[in-house]
Amino acid sequence: MDIVRILLKHQLENNKGASFVIIPTGNKLITPNDYLNWINYVPSHFSIDEILNKNAGELSEEEIKILSFLQKENQVKPYFKNFVSSEEKTTSSSALVVYDYMKSISINKYADIKLTKEEREECINIVNKIDSDDIETSIEIFSSTASKGKDYYIIYLLKRRLYSIRMSRSDKELNAQLQSNLGMEYRKQRIFHI
């Protein structure tokens, strides 16, 4: 049961506006605009012109998969465009279509489909070379110049890494606070038991 979808649907049905801005993906940083970037990106290795010049009987299984995938993207693209660009996106009925699509395919899956293995490895190498203190700045830089799948994947990897660092810091801060509280509790017990 997807409680977020149920709440979203309820909000839309009652004209309360949709509070959905990002999909709860574990890193909570992936937006509909991120998906629209991937939807708009058609990699050169898909060789669309070649595929479209073939008769249906000449298409390979892989080419049929590519066309089917692009067809699905073309079906959801108007909903994403409406949701991302609309002043009233919080009340947009596009929200459910956008939400469902984002839940159906991860950014990692997009990278697997639209990037070559070499491109994915190159992105991972670039991200691994970026110092932890420079991640936010790197996200801004890549976001301002992003134009292809590799850029989008680098941004995703950087956001995921930043989220992981923040969660690690939060865990450490929480543990430190717990240890401090335990220490104070121990001192209180010693004072009252003397």
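From the N terminus on, the elements run α-α-α-α-α-α-α-α-α. That makes nine helices and zero strands; helices (H or I, at least four residues) and strands (E, at least two) are DSSP runs, numbered from the N terminus. This is a predicted model, where local features need pLDDT of at least 70, side-chain atom pairs count only at pLDDT 80 or more, and totals for chains, interfaces and linings use all residues. Residues are numbered from 1 along each chain as its sequence is written, and side-chain values use heavy atoms, with hydrogens and water left out.

Some totals to begin with. Of the 194 residues in the protein, 33% are buried. Buried means under 20% relative accessible area, exposed means over 50%, and partly exposed is in between, with a 1.4 Å probe and protein chains only. The protein exposes about 12600 Å², and carbon and sulfur atoms supply 51% of that area. Accessible areas come from the Shrake-Rupley method with a 1.4 Å probe; for residues, only the protein chains shown count as cover. Among contacts with a separation of 6 or more, 69% are between residues 24 or more positions apart. Contact means heavy atoms within 4.5 Å.

Now helix H1, residues 3-13. Which residues of H1 are buried? They are Leu 8, Gln 11 and Leu 12. Seen down the axis of H1, these buried residues fall within an arc of 95 degrees, so they line one face of the helix. The arc is that of the directions from the helix axis to the C-beta atoms.

The buried residues of H1 pack against H5, which spans residues 94-104. The angle between H1 and H5 is about 170 degrees, with their axes 10 Å apart. Axes are lines fitted to C-alpha atoms, for helices over the stretch in contact, and angles run from 0 to 180 degrees between N-to-C directions. H1 and H5 are therefore roughly antiparallel to each other. Under 35 degrees counts as roughly parallel, over 145 as roughly antiparallel, 65 to 115 as roughly perpendicular and the rest as oblique. On the H1 side, Val 4, Arg 5, Leu 8, Lys 9 and Leu 12 meet Ala 95, Leu 96, Tyr 99 and Asp 100 of H5. By class, this contact has six nonpolar, no polar and three charged residues. Ala, Val, Leu, Ile, Met, Phe, Trp, Tyr, Cys and Pro count as nonpolar, Asp, Glu, Lys and Arg as charged, and the others, Gly among them, as polar.

H5 also packs with helix H2, residues 32-40, at an angle of about 70 degrees and with axes 11 Å apart. H2 and H5 are therefore roughly perpendicular to each other. Here Pro 32, Tyr 35 and Ile 39 in H2 meet Val 98, Tyr 101 and Met 102 in H5. The residues of this contact divide into six nonpolar, no polar and no charged.

Last, helix H8, residues 135-145, which holds Ile 135. Is Ile 135 buried or exposed? Ile 135 is buried, with a relative accessible area of 0%. Leaving aside neighbours within four places in sequence, Ile 135 is in contact with Ile 130, Leu 158, Arg 161, Leu 162 and Ile 165. The buried residues of H8 are Ile 135, Ser 138, Ile 139 and Phe 142. They cover an arc of only 105 degrees around the axis, which puts them on the same side of H8. On the other side of H8, Glu 140, Ile 141, Ser 144 and Thr 145 are exposed.
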